[in-house]
Amino acid sequence: MSTTTFRVDGMTCGHCVQAVTEELSALPGVSHVAVELVAGGSSPVTVTSDAPLDAAAVGAAVTEAGYAVTPGRSLL
């Protein structure tokens with residue numbers, strides 16, 4: 001198992017959390033997504049998967065949900 005934590009900008013509510021969680025959960029190998037909502041800031045997101053995640057795939061999933069990975073934060 002691999003756990004990756006990064007921060008996402010722009011989330012303000014439960015719907016935002018749901019959208020990001022759904023997109024990340026659809027990535028191959030992802031078994032769990034936990035988001036700690038920080039309204040008005042960068043929210044920590046922890047993803048558990050059966051192998052290390054591809055940073056580009058994570059970024060694309062977050063973008064698809066309508067948000068952005070916080071610049072300067074490494075995904076791996």
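**How the parts are described**

Mentor: Let us begin with the two helices: helix 1 and helix 2 pack with their axes 8 Å apart, at an angle of about 140°. Please bear in mind that this is a predicted model.

Trainee: Why are an angle and a distance given?

Mentor: Because two packed helices are described by the angle between their axes and the distance between the axes. As for handedness, the crossing of helix 1 and helix 2 is right-handed.

Trainee: How do you know which residues of helix 1 and helix 2 meet?

Mentor: Contact requires heavy atoms within 4.5 Å. On the side of helix 1, Ala19, Val20, Glu23 and Leu24 take part, and they meet Val58, Ala61, Val62, Glu64 and Ala65 of helix 2.

Trainee: What makes the buried residues of helix 2 lie on the same side?

Mentor: The buried residues in helix 2, which spans residues 55-65, are Val58, Ala61, Val62 and Ala65. They cover an arc of only 95° around the axis, and therefore lie on the same side of helix 2. Their cover includes strand 1 (2-9), helix 1 (14-25) and strand 4 (68-69). Ala56, Thr63 and Glu64 are exposed, on the face turned away from the buried side of helix 2. After helix 2 comes Gly66, with a positive phi near 100°.

Trainee: Why are strand 2 and strand 4 called edge strands?

Mentor: The four strands form an open sheet in the order 2-3-1-4, with antiparallel pairing. Strand 2 (30-35) and strand 4 each pair on one side only, and are the edge strands.

Trainee: Why is Ser43 called buried?

Mentor: Buried means under 20% relative accessible area. Ser43, which is in strand 3, has 0% relative accessibility and therefore counts as buried. Leaving aside residues up to four places away in sequence, Ser43 touches Phe6, Arg7, Val8, Met11, Val35, Glu36, Leu37 and Val38.

Trainee: What makes the pair formed by Ser43 and Val38 a polar contact?

Mentor: The cut-off for a pair of N or O atoms is 3.5 Å. A polar atom of the Ser43 side chain lies 2.9 Å from the backbone nitrogen of Val38, and this distance is within the cut-off.

Methods. Residues are numbered from 1 along each chain as its sequence is written. This is a predicted model: local features need pLDDT of at least 70, side-chain atom pairs count only at pLDDT 80 or more; totals for chains, interfaces and linings use all residues. Side-chain values use heavy atoms; hydrogens and water are left out. Buried means under 20% relative accessible area, exposed over 50%, partly exposed in between (1.4 Å probe, protein chains only). The arc is that of the directions from the helix axis to the C-beta atoms. Two strands pair if DSSP finds at least two bridges between them. A polar contact is a pair of N or O atoms within 3.5 Å; within protein, one must be able to donate a hydrogen and the other to accept it, and residues adjacent in sequence count only if both atoms are side-chain atoms. Axes are lines fitted to C-alpha atoms, for helices over the stretch in contact, and angles run from 0 to 180 degrees between N-to-C directions. A crossing is left-handed if the near helix is turned anticlockwise from the far one by less than a right angle, and right-handed if clockwise.
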